[in-house]
Amino acid sequence: MSSDTDLSPRSTRVVACLGGDATRIEQRTLPLPGPGELLLGVRAVGLCGTDLFKLDSGTARPGTVLGHELVGVVEARGAGVTAFDLGARIAVPHHVPCGRCAKCRRGSETLCETFRENLLEPGGFADFVLVRPRAVRRAARRVPDWMSDDTAVWMEPAACALRAIRHAALPGDGTAVVQGAGSMGLLHLLVLAAEFPGVGVIVVDPVAARRELAVRLGAVAAAVPGHDAARSVDRVSGGLGADAVFDTVGGAAALDSALALTREGGSVVLFAHAGDGERAGFDINGLFKHERRVLGSYSGGPAEQARVFELMCGGALDPAPLVSHHLPLDRFDDGVRLARTRVALKVVFTGAGASP
């Protein structure tokens, strides 16, 4: 009798980086799933801001296959895998910490050296992906039949947003500001509403359509950067200032704006790349004397992934409305262009595992 691996695909179409921001479609040999591994047919994979950053900055090595916001269907199982049936839909992140090192024991799982390893081969922008054993054991989750791919594909990025929110130590009835109404800024809004429904969230963005969308998604106010934002924060917080500002824009100017919106004792959480080598220039005494905090938050760990998936399954969190465009893999360059020009809010590519 044939095994799962006997029937699995032997090659996969991928979007390969060529250096700089250039990519092309290639056909690659696909290894059979080994012990503890899963082979997924990709149904949906999101285009992340980090993917764009790597393309724009030229930091993706030639041959790299990007993509990590993944939903796929099980095509084959390696020896010993019994938790997932053939045909099951799976959401799985690309990074999983060791759970044992000093950083993991101190709550810094996303800084663990093991966490840096990409457990999706060759990467999410492909028709088929191998999932390595550690991700199969510790991070893969079966997507309920009723949950859409457009919801499940957000598990990994929503966990990143939740970790940032947890860093801020928000009071349950506080005021939060999200700078930037791109997909990750609006995702912060939705995760805040799901986890801290008593927090009033103000979204700051220069684009009117995105401010309007933020209000439809639950923001108590949406403002233009500058004086309009300051007035909105003053009104919503009763003159106190924001308990936390989440910066999804990046750079020194955005940091200055965020600090100006926080209350004494408030926090600024940086959740975006700055320019290469860019340095901040804020007034140190304004931070010191008023006990403000500035901290970074880059990714999400197993605890955040578990909580986000729980919120999704319970119906409290559904980021599907943030998906603006669906494209096949062979239109990858079009998706990148739409995201760069801000025509698209969120692009999701479909692979071989997508329903006909």
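This report walks through the fold of one protein chain, from its overall build to a few individual residues.

## Getting oriented

The model is predicted, so local features need pLDDT of at least 70 and side-chain atom pairs count only at pLDDT 80 or more, while totals for chains, interfaces and linings use all residues. Residues are numbered from 1 along each chain as its sequence is written, and side-chain values use heavy atoms, with hydrogens and water left out.

## The chain as a whole

The secondary structure comes to twelve helices and 16 strands. Here helices (H or I, at least four residues) and strands (E, at least two) are DSSP runs, numbered from the N terminus. The radius of gyration of the protein chain is 21 Å, close to the 21 Å from the globule rule for 356 residues, so the chain is as compact as a globular protein of that length. That radius is taken over C-alpha atoms, and the globule rule is 2.2 Å times the number of residues to the power 0.38. Along the principal axes, the C-alpha atoms fill a box of roughly 70 × 40 × 40 Å.

Of the 356 residues, 54% count as buried. Buried means under 20% relative accessible area, exposed over 50%, and partly exposed in between (1.4 Å probe, protein chains only). The protein chain exposes about 15,400 Å², and carbon and sulfur atoms supply 51% of that area. These areas come from the Shrake-Rupley method with a 1.4 Å probe; for residues, only the protein chains shown count as cover. Among the contacts with a separation of 6 or more, 69% link residues 24 or more positions apart. A contact means heavy atoms within 4.5 Å.

## Antiparallel pairs

Strands of a sheet pair through backbone hydrogen bonds, either parallel or antiparallel. Two strands count as paired if DSSP finds at least two bridges between them. The table gathers some antiparallel pairs.

| Strand pair | Bridges | Residues facing each other |
|---|---|---|
| E1 (11-19) and E2 (22-29) | eight bridges | Cys-17 and Thr-23 |
| E3 (38-46) and E4 | eight bridges | Leu-39 and Ala-76 |
| E4 and E5 (89-92) | four bridges | Leu-70 and Val-92 |

The hairpin of E1 and E2 has two residues between the strands, and in it Gly-20 takes a positive phi near 65 degrees. Strand E4 (residues 69-77) is mostly covered, with seven of its nine residues buried.

## Around Cys-48 and helix H1

Where does Cys-48 sit? Cys-48 is found in the loop between E3 and helix H1 (49-57). This residue is buried, with a relative accessible area of 10%. Leaving aside neighbours within four places in sequence, Cys-48 is in contact with His-68, Glu-69 and Lys-346. The C-alpha atom of Cys-48 is separated by 34 Å from that of Gly-286, which is 238 residues away along the chain.

In helix H1, the buried residues are Thr-50, Asp-51, Leu-52 and Leu-55. They pack against E1, E2, E3 and helix H12 (332-340). Just after H1, Gly-58 takes a positive phi of about 70 degrees.

## The parallel sheet

Another part of the structure is an open sheet of six strands in the order E11-E10-E9-E12-E13-E14, with parallel pairing. Strands E11 (221-223) and E14 (293-296) stand at the edges, each with a single partner strand, so one side of each is left without a neighbour in the sheet. From one strand to the next, the twist averages 20 degrees.

E9 and E10 run parallel and are joined by five bridges, with Thr-175 standing opposite Gly-200 in E10. Helix H9 (residues 252-261) packs on the sheet, touching E9, E12, E13 and E14, and its direction makes about 150 degrees with that of E13. Helix H5 lies across E12, E13 and E14, running at about 155 degrees to E14. Such angles run from 0 to 180 degrees between N-to-C directions, with axes as lines fitted to C-alpha atoms, for helices over the stretch in contact.

## Helix H6, an enclosed helix

Is helix H6 enclosed or open? Twelve of the 13 residues of H6 are buried, so this helix is largely enclosed by the rest of the structure. The buried residues include Ser-183, Met-184, His-188 and Glu-195. Their packing partners are H5 (155-167), E9 (175-179), E10 (200-204), helix H7 (208-216), E12 (242-247) and helix H11 (302-314).
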